[in-house]
Amino acid sequence: MKEKDKIPTFYKILKIWANIYHDKLFYRKTYYLNTENIPPAGTPLIIVCNHQNSLNDAMGIVISLDLRYPHFLARADIFKRPFIAKVLRFFGLLPVYRQCDGMANVKINLAIFENVVNYIKRGNTLAMYPEVGHQDKHYLGKFFLSYTRLAFDTAASSNFEKEVFILPCANHYTDYFGWREEMMMTYGKPLSIKPYYELYKTQPRQVQEKINEIIRAEIESMMLNITDLENYDAIYFLLQTYGKKFAVKNNLNPNKLPQKLTADQKLVALLQTASDNNAAKTNELYALAMQYKNELKELKLNDDILNKPLNISSLFVWPILFILGFPLFLYGFLHHIIQYIIPNIIIKKAVTDIMMHGSIKLGVSYATIPLFYLIFFVISLFFMHPLLSIAYLFTLPFFGILAWNYRKSFLHFRKRYRFYRLVISKNKKLENILSIREKLYDTANKIIE
């Protein structure tokens, strides 16, 4: 890392595009909460975060930091190719070797960590994920103490004269894998390790464990942490279905991610208490939830369809709107079909880690969308006035979003129409599902009261 830690100009330019694409195009809605807790630029800082969505987690941190050039530690095997390594380093990723990479390589970490310590000491930011890996579930894994060691090594390198901060943060998503979802990044209170300097000199391990306990508890309070992994699927399904009704009962809006998270945290806590007090009854609820989930899947329906009253008039109005809007959908879809297909091909051919799917979609579309927009703009210059070409260019994101919303609305309408046909035909399976749903909701109400 360079001795001058100025943010590269090209990085600043790319970040402008990243902000626009990340917050306005890729995600439907983003929330950055408690950013006032971020210490001023120039403060030695280690950001510690839960890890659930690979690149997307890191981008949430990058976008929410205005005047910082955060660096991240990443597994060394992705740095094998020189060009890729150069690109990764430019974006702030630094290689770290694991034991599985061989003990000879692990020793290289000592030099890497020394550079990282010097980087933090100069008033820069390192972001770390102490769980080391990511998982496809909303829970907080075991924390490793490497971030506490780096924090105190940074302090020690200045003879404990510089104040080093650890800033906890947590991310949360409506969905890990899709476009046009919602995400939120919440920052906790920054912890200065300066008050621990003297005790650290004599009891380093105990001090690290104490700080880890504080940071972990802070992150846990800001995220959805479902600790009952044995019943995880049932609990998460309850949050997606009954949880919306529960949020409304608690004067929270289930359509706003921060409020939905608050409701989900409360519901998970109540379910855990209920399980501790009466495991048999709670297990009955979980069995009902899984039965309801499987029955819905069989009929290709979802709880939202059953939850809303059937409006017959909409079954006639929406087809007309879809027919009228199809040319606009086609216009937006054809301009984005390649950018949509490329990530899916990469995922299908080369990616085995399911938690990389969202990262591939974000990273590839982040690079390909401006490229294809530029190609379309240049081509348009041969056929229209430059001012019209500029106007055409700026309409592309709008029509891309319109096409995605059209597709989503059409798929929802298909389920509504299927539900209507099942109601008209007095389908026995549907009647059974409605009965299970009623029993599920009644049982949940009784358990959490």
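**Close-ups of aromatic contacts**

View 1. Trp318 and Phe322 sit 4 residues apart, about one turn of the helix, and both belong to helix α14 (residues 314-350). Helices here are DSSP runs (H or I, at least four residues), numbered from the N terminus. This is a predicted model, in which local features need pLDDT of at least 70 and side-chain atom pairs count only at pLDDT 80 or more, while totals for chains, interfaces and linings use all residues. Residues are numbered from 1 along each chain as its sequence is written, and side-chain values use heavy atoms, leaving out hydrogens and water. Phe322 is buried at 7% relative accessibility, whereas Trp318 is partly exposed at 38% (buried is under 20% relative accessible area, exposed over 50%, partly exposed in between; 1.4 Å probe, protein chains only).

View 2. The whole structure holds 36 aromatic pairs (ring centres of Phe, Tyr or Trp, the latter by its six-membered ring, within 6.5 Å; planes under 30 degrees apart are stacked, over 60 edge-to-face, the rest tilted). One of them joins Tyr11 and Phe90 edge-to-face, at 6.1 Å centre to centre and 65 degrees between the planes. Tyr11 is in helix α1 (residues 9-26) and Phe90 in helix α3 (residues 82-90), so the pair ties together parts 79 residues apart in sequence. Tyr11 is buried at 6%; Phe90 is partly exposed at 24%.

**View 3. Charges over rings.** Lys142 lies over the face of Phe144, 5.3 Å from the ring centre. Arg216 lies over the face of Phe143, also at 5.3 Å from the ring centre. Here, NZ of Lys or CZ of Arg must be within 6 Å of the ring centre and within 35 degrees of the ring normal.

Notes
Helix = DSSP H or I, 4+ residues; strand = E, 2+ residues; numbered from the N terminus.
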